[in-house]
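Q: I'd like to learn how to read the packing in a protein model. Could you walk me through it?

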Amino acid sequence: MHLAAEETFANLEAELLIGVIIPMNRYTPFFYSTIVLVGFFLQSSASAQGRALEKAAFSPQSQPQGGTLFTKLDPHDTNIVVDNAYDDPEMWGTRYREYMGGSMGSGIAAGDFDSDGRVDLYVSLKTKPGRLFRNLGGWKFEDVTEDAGLSEEGSVFGWLKSAVSSDEEVVWRHGAVFADVDNDGHLDLYVCRNGAANFLYMNQGDGTFEDEAEDRGLDLADGSVVGAFADYDRDGWLDVIVLTNQMDGTEPNGRLDRLFRNTGGGRFVETTDEAGISGDTFGHAVIWFDYNEDLWPDFYIANDYAGPDYLYRNNGDGTFTDVVDEVAPHTSYSTMALDTADVDNNGHIDLFLGDMAATSRETEMRRKPAASKEDLLSIGSKSPVAPQYTRNSLLLNMGTDSFLEAACWAGLDATDWTWSVRFEDFDNDGWMDLHVTNGMVREANNSDLLARMMKARSMPQRIGVMNRSPRLEESNLAFRNQAGGRFEDVTKKWGLENIGVSFGAAMGDFDRDGDMDIAYLNHGGGLSVYRNDAVGGNRVQVRLRGGESNRDALGALVKVETGAGVQVRALTSARGYSSGSELVTHFGLGSETEIDRLTVEWPSGGKQVFEKLDANFAYLIEEKGAENGRSEKGQRETLFVSRAGAYGLKFTDESELAISDHEQFLLPFRTDRHGPALAVGDVDGNGQEDIYVAATTGSAARLILSKDGGYEQVAVSGLESSPLEDGPVVFFDANGDGTEDLLVTKASAKSALWPQGFEPLIYSNDGQGNFSKTNWLPHLSINVGAASLGDVDGDGDLDLFLGARSIPGEYPAGPRSYLLLAEEGRFVVSEVAGLDDIGLVKSALFRDVDGDGLPDLIAALEWDSVRYYRNAGGGIFEDSTEAVGFDSGLRGWWNGLASGDFNGDGRLDFVAGNLGLNTTYDASLEAPASLYYGSFGASNQKVIVEAVYEEGTLYPLRARGDIGSRLGHALRRFPRSDDYAKATLHEVFGERALDAAEVFEADSFLSGVFLSQEDGSYEFSPFPEPAQIGPIFGLLVEDFDGDGFLDVFASQNTDVATPSFHGGVGLLLAGKGDGRFDVLGPSRSGVLIQGNGRAAVVLDAAGDGKPGVFSTRHRGESVYLENTNSAADWLAIRLMGSELNPHAVGSQLRIVYEDGYERIQEIGLGGGWMSQGSTLLWVAHSEERSLASVTVRWPDGQVSELSEIPENGVWEIVK
């Protein structure tokens, strides 16, 4: 005989018996079953009293049918037969607005209402009373609606509540959830309705319910969508937020959501106003979760249309504060569904927002284009509002009270017209997967359909046009987590490709075999049920029984630790769309056979810990003997702490928001807004490093002078005023007088000021920080993307490379770059360097790549590779990109550059920032991102046309409305959006025009490192996947953590595009000494730079001998990250060079440790991103890693070997 695990939990009060026939429900003796119970009680030191933990084996796993993970069950076999008919005729009449614009669907609730150990289902039907199905086991269910008292017409009072106004008006039902509101051990049921009183069905404990909503204070008659339960005041009783939407179609902004507090015993009082809940919503979903891990449950509201979403932070005093704009980079435009899960297994609960972005290009093109509301409607606004985009959002919790946004990176940005989103580990591999329901009663945002409606003469006629259009039937989707937070579409592979219109979904282990099954409700149809037939993969389920906490422990956090890592689950009620799933935490364990440690953090604040638990069991844990071990989150120890204000380094760039089309039609992104740029040098001769902050469109340039252990910000004297923002800036001694002079360049997209306003200038320093304009540069006009210095011709002085970003108004036409040679106090243009026409330059640096003692040039280009130009001598350069392997990084939109020896082979490696993988742009060798630049009309004016590959064919990337506003002739053959959506690029623009156009392509957007190989070549190695969540701009290379290996700091994000490229928060990549890196998250590194990270330089503002980071933000505050590491000492090495090269730029240092590890670093000026950093080199050593020697190879080739090494401080090495 085998264990019938589904019966186990019904009999926790009974002794564990073998072969005894007992009633399945002590209140309903007519339900009997023969069961065999084999179980035993486990107790850990953390729960020292009472029966805290029970375990039971699962039922035998179901067997796969047809080779897919899931098997769809016939409703006539399960007896779950419902008809979700949308048969209210007024849906296409007087109630059209509330139907099409309100809460369209309805949901289902999964829970064991009769306490027999099996998960039952309640189905909320749109226009009919819901149905309750009791699980009989063996995938057989029984409709017990009438017997349970849920038919609505079962009593006079119920019938009166249903009728509301008249026999002609049909009451619409929406969401349903089970929750034990009175803590009696039996699940109660809350059903929301539109314009009619909601039902609170109290479970009588005998298989029946009674509606007590009016007596208990929850008979709300509003546009109710779903009730989400949680104990927000942590008094042990479940409270509820009732989400609302339109009630009668006349509400311009929706309706107010309503919060109710449980005063005890399941009786409620409204606390909406006193709790601070305000603002109307077109709500579709709401979910509770403790996003900031302070023990107090917070909740997120999904709001459709123009209104923003809300993230209400629980203040712990009965009030809430909306913080969505503070913690989220962006949200979705029309958020329809919500779910939470730790998708990347970092121990923090993440949040997913479902929207309506199409998975196919054609479908997206059919629909009326809608861009970011804040980017398009608030141009020039400085309001810190999180923009909203018409795609899904995946908010990854960093454990820092804020989120990354990573939907595109994860492969979850578009899931079609989505209603329900639900995470579970369906394949039991230890990573949370995703199920999505889709479809719509009509394609309501189809451009052609809307145009036809506008031509109709009356509202009834418009409604008729919509009604006669077909349903938008779409496939539901399934995504498998690829062990790290990125997902692959496995819909067909798993057997879940049902096409139709589906709404609410619930998950539960309906057959108690240890995997999660799926049920969802269909429009105009029935309930679809899918049995999970997972084979292999160990698993564990944990069910909780609260003591001091609410009975079902809603709000609890369960953490499982195994050899594979950590998984966490949060227990919450309403999930997905208008539905509630089984209240269980399910963990797939993959190949792990044992749980090392299981921790329950209860809503009350108590904690229980269990160790060495077997896999493949279901556990029930009672809140007994819980220690007060769960404490509110305190200050974490991190490598860096943000302290700009403490040292006088804080300022705000006041640039305004702007979009690309204002400067050039159909630009994919702006080609400016790259600052504020930074330069570091001792401008006043006091021996301490000062900072020049370059001008932007909103802020003047400033000097930040080192004074008395801090910094003082002062205006810069002697500089010419300009309406253009500065490009790269550099401090260097241009005339050999021992003072730091200043190079200022210009970088802008303002074509009206091109070319006269774009002249780079050198300002002479009088030694006190006062500057005056010189004529040391020839008159040039260049929109500068990079500035770098090196002695390219070997004459002892520093020459200057100015890399051109673009030609304003003519992007992406090739601009001219310049190599300027220093000759007798002036700079002259080299006509033989071979660096004039190298492309769109974003960053550049001179480094000795091939070890011949001459500075070569590495350039980061847009629509091209990172290119290597070998110095052949005499300042003549040869393009050796392909010969040496720098083309291995492929063509990208490259940004910042930096160098260091990351693999310890004695040769320089190069880190390079790219766009990353978290935008709507894709690039590959098979389907490169493509842009055409040519004349596509009657005039000869060149225009940008972006294109995208789909199954090997190019299509226009921009919507018909965008193209038609400037190239209307190209659309004459495509008068409808439906036709344009199917048209190829060549059909729209013609073969001749496309053949004559310039073509630009990008094959890869990965950021990473070019590592030197034994044969002298270079091979590109991408950074770890989490580093691809945002574009990388500023780059710094130092041993920040003091372990002897070089690390990488990166600044991220930009709002030069719509949608913005802003998923990241800055990065610290900890080097491992072999060319590999670990991404240290913000909770470990302290790097948390939200917004537009820009220039970055190494700085020791504290004066404690540790390398910190100073960084700017475009349209934001500057940041100083102070290094708090006390495990190592650092030497700041300063080389004292010649009169013409005082910082010995071009010198290489070989650092050798006692354990034999060695690396090289090179002194340079320029590189990074709009940054000229310090010429100090920081070298860490400790008791574990002590220094053996330092060798300097000077620019002229001479060598100094040093073995007497100071412990710390500034070490000046004189040639």
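A: Let's start with contact, which means heavy atoms within 4.5 Å. This is a predicted model, where local features need pLDDT of at least 70, side-chain atom pairs count only at pLDDT 80 or more, and totals for chains, interfaces and linings use all residues. Residues are numbered from 1 along each chain as its sequence is written, and side-chain values use heavy atoms, with hydrogens and water left out.

Q: Leaving aside neighbours within four places in sequence, which residues is Phe 229 in contact with?

A: Its partners include Val 177, Tyr 190, Phe 268, Trp 288 and Leu 554.

Q: How many residues does the largest nonpolar core have?

A: A nonpolar core is a set of buried Ala, Val, Leu, Ile, Met, Phe, Trp, Tyr and Cys residues joined through side-chain atoms within 4.5 Å. Buried means under 20% relative accessible area, exposed over 50%, partly exposed in between (1.4 Å probe, protein chains only). Here the largest one has 72 residues, and Leu 189, Phe 229, Leu 544 and Leu 598 have the most contacts inside it. Another core, of 44 residues, lies apart from it, with Trp 863 and Tyr 933 among its members.

Q: Is Glu 251 buried or exposed?

A: Glu 251 is buried, at 10% relative accessible area. A polar contact is a pair of N or O atoms within 3.5 Å; within protein, one must be able to donate a hydrogen and the other to accept it, and residues adjacent in sequence count only if both atoms are side-chain atoms. The Glu 251 side chain makes one with the side chain of Arg 255, at 3.4 Å. A polar atom of the Glu 251 side chain also lies 2.8 Å from the backbone nitrogen of Met 247.
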